[in-house]
Amino acid sequence: MTRPATVEETLPDEPLDPRTAPVPRYGQASLADLLPAVLAGQGVPDATPPGLRLEPADRVCVFLVDGMGWQALHDHPAEAPFLTSLLAGSAGGTGQPITAGFPSTTATSLASVGTGLVPGTHGLPGYTVLDPDTGKLMNQLRWQPWTDPYRWQPFPTVFQRAQQAGIETSQVSAPHFEHTPLTKIALSGGTFLGRLSGEERMDLAAARLAASDRALVYTYYADLDGNGHRYGVDSAHWRQQLRYVDGLAQRLAEQLPPRSALYVTADHGMVDVPDDPESRFDFDEDWELRAGVAVLGGEGRARHVYAVPGATADVYAVWREVLADQAWVATRDEAVELGWFGPPGAVADRVRPRIGDVVVAMTGNAAIIASRNEPNESALVGMHGSMTPAEQFVPLLQVRT
């Protein structure tokens with residue numbers, strides 16, 4: 001997969017041109033294209049196949065591993081021998097990763113998977129974004145403060161469309177996800193089945209596939225991401241979790257009924273951010289970054305910056321100067337026109353004001369933390385959200401019977 005060489009071609013300390021940011025491959029090979037391609041292969045009449053082509057299968061299971069980036073998986077063959085054996089067949093046999101979307105973060109990615117829509121359309125364009133109706137930051141993972149989920153994301157899910165087309169549809173996940181707003185607006189449709197252990201989920205997912213002639217099953221595992229956040233990618237804790245995930249994937253693959261396809265993918269990758277002032281720009285302690293900013297949204301690797309009225313141009317100029325070659329910095333209009341949130345025409349009017357007046361995507365291993373207002377997030381070792389290969393590239397591994 002060819003990506004623009006950006007940082008290497010830019011002089012040190014020169015602000016990066018946002019036009020050089022490696023935009024996700026919406027419409028070709030992104031998470032938003034996965035389930036539409038699956039439905040097209042299952043013969044759903046109104047399913048428009050994207051550029052991503054997958055061989056048809058009557059029974060399909062998608063196993064999404066939170067935080068399992070392509071680069072990290074590729075770098076740990078000893079911990080994941082089964083998944084590594086599938087790398088050559090990734091993305092429909094191309095041997096390539098697909099892209100998550102921007103920001104490369106869980107709420108945005110799960111909404112893209114479940115709706116088949118790009119972030120600028122489904123309306124979850126970040127970890128925290130401004131709700132223009134209230135003027136408050138909305139955490140789209142925890143759904144705080146409360147807002148009507150169907151106002152925030154009004155489109156049907158791919159699972160609902162599949163169920164209506166006669167495909168038996170199931171979600172097999174941790175029980176506490178059943179009634180969350182994110183599940184309702186991104187992953188609902190068919191039957192939700194809660195199971196605590198990973199082994200139980202794999203066994204039940206296989207059973208649900210075998211129970212119907214045409215089936216679509218989604219299952220999910222979160223703890224790899226959690227260990228990456230707390231201890232870092234390549235930590236002993238992370239590697240132990242990857243070994244466990246590899247066993248789960250093999251367990252599921254060995255139980256697939258005939259005429260099935262298993263796809264193993266992820267919502268994002270991750271980078272480790274060094275614990276030093278050169279790598280962690282602290283918004284709460286930096287008067288230059290705070291100047292003219294009304295609200296800071298997003299997360300450490302992908303920020304939505306909301307300016308006080310009339311200050312957008314100044315905020316944009318200062319953030320570009322301070323971050324220099326550490327970030328792609330764009331105005332809202334630039335980010336939309338450059339396709340960061342999907343093709344420009346796909347960014348809905350209701351979504352546009354949720355996007356920051358200034359949008360920041362970090363390069364390298366740096367992050368913009370907020371030590372006082374975001375103490376927990378600021379203390380994380382592993383972070384994600386930006387458009388670097390380590391965060392953006394995810395596998396689309398397949399097993400077929």
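Trainee: Which residues of the largest nonpolar core touch the most other members?

Mentor: In this predicted model, the largest nonpolar core has 83 residues, and those that touch the most other members are Phe63, Met68, Leu83, Leu216 and Leu262. Helix H12, residues 236-253, gives the most to this core, with seven residues.

Trainee: What does Leu83 contact, leaving aside its neighbours within four places in sequence?

Mentor: With those neighbours left out, Leu83 is in contact with Met68, Leu73, Val245, Asp246, Ala249, Val264 and Leu397. A further core, of 20 residues, lies apart from the largest one and has Leu289, Leu296, Val315 and Val358 among its residues.

Trainee: Why is Thr265 called buried?

Mentor: The relative accessibility of Thr265 is 0%, and the word buried applies under 20%, so Thr265 counts as buried. Thr265 lies in strand E8, residues 260-266, and, not counting residues up to four places away in sequence, it touches Leu31, Leu34, Val62, Phe63, Leu64, Val65, Met68, Ile98, Val394, Pro395 and Leu396.

Trainee: How do you know whether Arg59 is buried or exposed?

Mentor: Its relative accessible area is 7%; since buried means under 20%, Arg59 is therefore buried. Arg59 has its place in strand E1, residues 59-65, and its contacts beyond four places in sequence include Gln42, Leu209, Asp213, Pro257 and Arg259.

Trainee: What makes the pair formed by the side chain of Arg59 and the backbone oxygen of Pro258 a polar contact?

Mentor: A polar atom of the Arg59 side chain lies 2.7 Å from the backbone oxygen of Pro258, and the cut-off for a polar contact is 3.5 Å, so the distance falls within the limit.

Trainee: How many residues of helix H1 are buried?

Mentor: Nine of the 11 residues of H1, which spans residues 31-41, are buried, so that the helix is mostly covered. The buried ones include Leu31, Leu34, Leu35, Val38 and Leu39. Just after H1, Gly43 takes a positive phi of about 80°.

Trainee: Why are strands E3 and E4 said to pair?

Mentor: Pairing calls for at least two bridges, and strand E3, residues 128-131, and strand E4, residues 136-139, have four bridges in the antiparallel sense, so they count as paired. Val129 has Met138 in E4 as its bridge partner. The two strands form a hairpin with four residues between them, and Gly135 in the turn has a positive phi of about 75°.

Trainee: What makes E11 and E13 the edge strands of their sheet?

Mentor: The open sheet has four strands in the order E11-E12-E14-E13, with antiparallel pairing. Strand E11, residues 293-299, and strand E13, residues 327-331, each pair on one side only and are the edge strands. From one strand to the next, the twist averages 20°. Five bridges join E13 to strand E14, residues 358-362, with Ala330 opposite Val359 in E14. Helix H14, residues 312-323, lies across E11, E12, E13 and E14, and runs at about 170° to E13.

Trainee: What is the confidence of the model, and where is the pLDDT below 50?

Mentor: The protein chain averages a pLDDT of 95, and 97% of the residues score at least 70. Over residues 1-11, however, the pLDDT is below 50, although this stretch has 19 contacts in the model beyond near neighbours in sequence.

Methods:
Residues numbered from 1 in each chain as written. Heavy atoms only, no water. Buried < 20%, exposed > 50% of the residue type's maximum accessible area, 1.4 Å probe, protein only. Polar contact = N/O pair within 3.5 Å; in protein donor to acceptor, adjacent residues only side chain to side chain. Contact = heavy atoms within 4.5 Å. pLDDT = per-residue confidence, 0-100. Axes fitted to C-alpha atoms, helices over the stretch in contact; angles between N-to-C directions. Core = buried A, V, L, I, M, F, W, Y, C linked by side-chain atoms within 4.5 Å.
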